[in-house]
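Here is a short briefing on one helix packing contact and on salt bridges. Please read it alongside the structure.

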Amino acid sequence: MLQKPPGIEDIFPDRIERWNSIMDTARAVFSLHNYRELVIPVMEYTEVFSRGIGDQTDIVSKEMFTFEDRGGRSLTLRPEGTASVVRAYVENGEYNRLATAKFFYAGPMFRAERPQKGRLRQFNQFGAELFGSSHPYYDYEVISMMDSITKNAGIKDYSLLINSIGCPQCRGEYIAELRRYYLSRRDELCGDCKNRLEKNTLRLLDCKKEPCIAIKKEAPVITDYLCEACREHHTELKKYLDNNSITYREDPFLVRGLDYYTRTTFEFVTDRLGGQNAFAAGGRYDNLVEHFDGKPTPAVGFAAGIERMYLLIEDIPVSEKGVSVYMVHTGGEALEQAVRLASGLRACGISVDLDPETKGFKSQFKKADREKAQAALVFGGDELAAGTVTVRDMKSGEQDSQDASDLQALARILKEKFSS
Ligand code: HAM
């Protein structure tokens, strides 16, 4: 039997109702804030991610699905959306001439991580990115969009963590201090962190291994090193959150595993996902557009993991909608009539299903039940002779006879009776 690779899922219809409710909620909130959809490619030249996310990050150094095209150029399946959105924004002059541009996107991302609950190799994100303003209002706007989506999707028991990781100027002094601290404890670090100490000091704070978690607790915190402008930005953001009743916790070690961030970083976390506690995250990246050869343009955004959000609402009951009408027939001419009527009812906006194989009524009613049909329309010899159809309410079992020749009238009756 052919199988799918590890960490890759099929999403069957029984999960789609909740899945769509998350996406519908997200789309509605994006639309209320004037964000418009951008469809970005699933693969990019590898440089988009190595330059965008950073060579020394785990994502780029260990987790990308990279391969050569036939011409020998290196392509990568996107591990996230931000770098692609920035590449598209810079490449497309029409949009980057706008004062501010607001985009949202959704789709599969790929990371070669060790699969476990909530951690997949192909997973789906939706996200939003705003270009053209460094005003802290927009940091608040993207955070508040995710907060609304979370609440509207029915997720409870979550926290918002925020931090500021400053700008390249004030961060330099902090990184030097951080490096001094970690050098003094070098012997206690894991192998990866010894390497990070040489190549990308900030990434030491991302380590999930036990000795390094304990060492981090005593490390210097960036908030003590912020310059005046970064401190002011952070204070303003907190004011917006306070004024609009969005509760948060400050986490001075929240540096996020991607190199592009400046100033604000944030995560929506829960302890209901085991090791994978973040279900959405983002921050400001004021230098990335310039880093991609665009004109200097501040930006801020976030992305959420749909599978992780799904796990958080899995236990909320949903009313699974079935088909409205199931045709039950005796084959031959009755099947022909049933198909004709089905086509007419579908044109009137009523969902209809049927089984063309001639089976007994009993097995067809069973199927109608399995498809959660609200009504069964029965065509047998009697109905054919009389030009009628028997309408059975699948819940109550009540039946009545209707004229089969007047499609509009029949459709109206079905809609009135079974419009729930
Ligand atoms: P990220 O934190 O790498 O940020 O991913 C965002 C969300 O994607 C995570 O919070 C999680 O819900 C989901 N996610 C990440 N990896 C996996 C995985 N292996 N399996 C399942 N879900 C996963 C970004 O991607 C940034 N682009 C966010 C951003 C947008 N920052 C600014 N703009």
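In H1, Asp14, Arg15, Arg18, Trp19, Ser21, Ile22 and Met23 meet Ile306, Glu307, Met309, Tyr310 and Ile313 of H12 (contact: heavy atoms within 4.5 Å). This is a predicted model: local features need pLDDT of at least 70, side-chain atom pairs count only at pLDDT 80 or more, and totals for chains, interfaces and linings use all residues. Residues are numbered from 1 along each chain as its sequence is written, and side-chain values use heavy atoms, with hydrogens and water left out.

- The contact of H1 with H12 has seven nonpolar, one polar and four charged residues (nonpolar: Ala, Val, Leu, Ile, Met, Phe, Trp, Tyr, Cys and Pro; charged: Asp, Glu, Lys and Arg; polar: the others, Gly among them).
- The axes of H1 (residues 13-32) and H12 (residues 306-313) come within 10 Å and cross at roughly 110°.
- H1 and H12 are therefore roughly perpendicular (65 to 115 degrees).

**Salt bridges**
- The count is 26 salt bridges (a side-chain nitrogen of Lys or Arg within 4 Å of a carboxyl oxygen of Asp or Glu).
- Arg87 and Glu91 form one at 2.8 Å, N to O.
- Both lie in helix H4 (residues 82-91), four residues apart.
- Glu91 is exposed (over 50% relative accessible area), at 59%.
- Lys367 pairs with Asp355 at 3.3 Å, N to O.
- Lys367 lies in H14 (residues 361-370) and Asp355 in the loop between strand E13 (352-354) and H14, so the pair ties together parts twelve residues apart in sequence.
- Asp355 is buried (under 20%), at 6%.

Terms used
Axes fitted to C-alpha atoms, helices over the stretch in contact; angles between N-to-C directions. Helix = DSSP H or I, 4+ residues; strand = E, 2+ residues; numbered from the N terminus. Parallel < 35°, antiparallel > 145°, perpendicular 65-115°, else oblique. Buried < 20%, exposed > 50% of the residue type's maximum accessible area, 1.4 Å probe, protein only.
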